[in-house]
Amino acid sequence: MKKVMMGTEAAALAAKLARVQVVSAYPITPQTVTVEELAEIIGRGDLEAKYINVESEHSAMASCIGAAATGARAFTATSSQGLALMHEVLHYASGARMPIVMVNANRALTPPWNLYCDHTDSLSQRDTGWIQYYCADVQDVMDSVIIGYRVAESVLLPVMINLDAFYLTHTSELLEIPDQKEVDDFLPPYHPSEKLDVDDPRTFGNVCGSDLYSSFKFNRHKTMLNVVDRWNEAAAEFELKFGRRHEVIEKKHTEDADILIIGIGTASGAISLSVDQLRHEGIAAGSLRLSMIRPFPVRFLQEAVGGKSKIIVVDRDVSFGAEGIIAQEVKAALFGASSDVEVHGFVSGIGGNDITADSIVQLVRQTISGSGMAVQAGNSLWTEVLP
Amino acid sequence: MQPKNTINCLADMPVMPLTIGTMEWNQTGTWRYLTPTASNKIPPCRADCPAGMPIPDFINALKSKGDTEALAVIMRQNPLPGLTGRLCYHPCQPKCIRRTYDDSIQIQRIERYVSNCDRLESNAIDENGSVKIAVFGAGPLGLACAYFLGLNGFGVSVIDAAQEAGGALLKVPVEKLDPKVRVKEIDRMVSIAGLNLNLGQTDLAGRMTTIENDYDIVVVDPTSVEHAEQKTLNPDNFDPLSSTSVVTKKVVITLPGKLLPFKPAMIAHYIGIGHLAANHISDFIKKDPALSCGLTDLKEHVAKERVKLDDGVSAGSGLLKGSREKEWSEEQVMMEAERCLSCGTCNVCGQCVQYCPEASIQIHDSLKFDLFHCKGCGICAYECPRGVITMEDDKP
Amino acid sequence: MNLNSVHMENDLLKPGHFGCPGCGAALAMKYTLDVLGENTIVVMPAGCWSTLIGIYPYSCLSVPVISVAFETTAATAAGIKAGLEAQGKSETTVLAWAGDGGTFDIGFQALSGAAERNDDILYICYDNEAYMNTGIQRSSATPSGCWTTTSPVSALKPQKKKNIMGIMAAHGVPYAASASISDPQDLKAKVKKAMSIKGTRFIHLLASCPTGWRHAPELTIEVARQAIKSRIFPLYEIEDGEKWLLNAMPEKESIESYLNAQGRFKNMTPDMMAAFQENVDADWNKLVNKCQGALNAR
């Protein structure tokens, strides 16, 4: 069935289709619609689930952990400040191997107060051990929540589904809604072998010696490294069932490109259009959209980059005192693989500044010519800075 | 102790950090400086009892197991509870610690009630049956001495000129002592200790030397042998109350002046002295140095301060105060027994079990400390309402 | 029944744990689990219990336990209850078990949230009146005039202990009660009563601490008893935030024997002690006024 809806509504509907059992709800712009929708869905009985009106995002994640620990499928949604508040418990969720799926609206962090699109919130949580997926469009939001649960429950790691503030949260698009029975088939009920169980009483997470602690982390890291393959396997099955493919890397015109433009989220739409424009101008441009940032798809990136020498990375975020986070990740992934690759990092679109095909073309021109409007600060060139 | 399950390799590790066993392998007993020991201590009531009656013990037995068991406890120490329960001047009662809280326990009433129970089992051991002892005098002193010798397994004959056993008891007025009770009490103790009664033996003083030849030891209550002539008795009199008394083949028991002539109220004294004499004689026969010339092998007394008089003490039975009926009902007796604080005597109340933060005390029929785990905090000793548990310096 | 006879129902707490000798918190858990039994899931945050429970992969408790981030006890408990109910397992008791730091301070928000929602959890705060696990730092549950490492002799804590029971009453929770490890029968009766009620039930449980309070380990129970006798820690219950019931109290004693038994109070000046006594008396009178009718004997 086709319907027009916003990303936040799609997220709520996806949670319903995934038959989540516990929803922890706290409002924050611009994800609030998700928890509002779920309140209605559960309230009118379309989904049998417990809905907890928590008193903060920290408690939202804590209660999801509690629910998941008993073997229930748990869901919550947040953004920027809320995600930052959850930071401590994000570490807990992944260390506890809780397959929670959380929808995060990528929004700028305060101060100054800004509600618009920015990726610093989730990217600065990339070390918490969560699988991080960035959606391209509203269909991607709906589908990735479902694939997210499937992967989360098979590897026992939590999944963060990120959608750009307002560009996805509040933009209505046409999407195909998967059939409930098909979703049930793709995503069976969650029955973990390890959980809090009065019939097998054990203590979860007490003080641990160094040797065992490092082995726990090792196991977790190894599992995480395999997630790219797990995700692609699940995505392949999803494609068979539902006819749509969601991969960790989306390539356009990369094989014969001289210059590759890498981005995440909705900016990749503009990047894709800019590739067409550039090609029209005779520049052999290509683009890569990374939908997965954690684990970082190192192998896939190395293959996609191939022998290309010029790479532009568009970061809608920054790690202060270093550079754009995606640029840093790309450099680390390519280190030693490509001998003479240039990575040009641009910090663009933070705080809700629009990224358009034109603005991307400008970045490409600046890269080629060596001069332009973007301002140098360390390794990054910043757009949208006052003169 | 090793843990049952261990994690040795990655394959052993669970995915989630869930535990795989208990902490019981952890020997927290190495932490302690002091070790708890439980040992019963002599309560003031027993300390002052001339017969050394285990008073809290028999009251506890009555409460937890019934009158038959209580009687068995009494009769290990006192063969004639029906008599002491009626005649004795109960020096125990004024010493009762409960008296500082509300009223003393009326121990004698409880003893009397227990003595009324019928019991026929013997608890004599037979191993020393080949040794033959004669006791001259079937009064309370002789009977008591014979009883304890009999319990120790010796073949004991009690010899008396009278037709009936009882000695001076036979002269106690009927209002003070019902003859039926006297007969029942004596029959019972004779049966339990396996005693031989040779009654109606006239001219004992004259025949004593002859009789002596048939026995390994002869014990004489000088007050009971009629027309005793000095020369037939051993000039060295035997004082059971002294630890330096020497036992010879003929033991003539000396009684302290205050016990002569026979006074019914002092009956517990005669029983106690008879018991002590029996102890001396048993030790002599078995060639054991007398380990204790006392009526109990308990060493310490319980200090009054160690007995808890507030929390948990049930209310005083005001309605029993001044009850003057001859016989109390079972209900009255049990209510009174309920008030006994069991000073110095473990009654397996379980307070220590409850208060142990290490869950390291077990109670089945008695107290058992898990010394592998006990950290020596001392709460059990402090909280024991009866002062039974003490903390001792840990020996290496 | 024998005089003072007690009987333990189960052995869900097993020996070998890391509690200090004479640990009041260990006793608190032992009594609670003795009533709650096996069909219990315990949620505990950072604190004495999450350390004394044992070293991974071993634990001294034979019920499922989850060791959670410090602030999250009540929120995690709410999630666990929701997860259980979503799976049709509504009979399992969810016990939120936090110390005073994790309840009065850092865990306060989550507790307030759960109480406001009336989440069906049993929340027991075992109160040793400081952050003991990290080495005796002051919390808002620490009494005034008390020494801790962050309220040292040069700067003893001036503020009174936070009135957590009043706060829980203001939330209108169906049941709140104070209890002490020195009166296990009272505590067990209250836990039992709490088990029969749905919604957020709160028990404020005084758990003395020889290490932090600076008293001899054998006096753990006695000190807690004195807290009750001196009216510093009265035993009472509050139903639905409105009906205040005072439990039968032993004869009153002055605060001196309580304060003098503990090294943590030895630097109190006579003025401080007088002020302390005044506060105890004033609070007691306020409490008595709130309590309805005759004493509520259990």
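## Strands and pairing

Two strands count as paired if DSSP finds at least two bridges between them. Helices and strands themselves are DSSP runs, numbered from the N terminus: a helix is H or I with at least four residues, and a strand is E with at least two. In general, strands of a sheet pair through backbone hydrogen bonds, either parallel or antiparallel.

Before we look around, note that this is a predicted model, in which local features need pLDDT of at least 70 and side-chain atom pairs count only at pLDDT 80 or more, while totals for chains, interfaces and linings use all residues. Residues are numbered from 1 along each chain as its sequence is written, and chains are lettered from A and ligands numbered from 1 in the order in which they are written.

## The sheet of chain A

In chain A you can find an open sheet of 7 strands with mixed pairing, in the order β10-β12-β11-β14-β15-β17-β16. Its edge strands, β10 (249-252) and β16 (375-377) of chain A, each pair on one side only. From one strand to the next, the twist averages 25 degrees. (Axes are lines fitted to C-alpha atoms, for helices over the stretch in contact, and angles run from 0 to 180 degrees between N-to-C directions.)

Look inside the sheet for β15 (342-347) and β17 (380-382) of chain A, which run parallel and are joined by 3 bridges. Here A:Val347 stands opposite A:Trp382. Helix α14 (357-369) of chain A lies across β11, β12, β14, β15 and β17 of chain A, at about 140 degrees to β14(A).

## The sheet of chain B

Chain B has an open sheet of 5 strands, ordered β4-β3-β2-β5-β6, with parallel pairing. At the edges stand β4 (196-198) and β6 (250-252) of chain B, each with a single partner strand, so one side of each has no neighbour in the sheet. Strand β5 (217-220) of chain B is joined to β6(B) by 3 bridges, and B:Val220 stands opposite B:Val252.

The domain assignment, which is automatic or from a database, gives chain B domain 1 (25-40 + 347-393), domain 2 (44-119 + 302-338) and domain 3 (132-286). Taken over C-alpha atoms, the centres of domain 1 and domain 3 of chain B are 45 Å apart.

## Where the chains meet

How many residues does each chain give to the contact? Chain A gives 14 and chain B gives 9, where contact means that the C-beta atoms of two residues, placed from the backbone, lie within 7 Å. On the side of chain A that touches chain B, the largest share, 4 residues, comes from α9(A).
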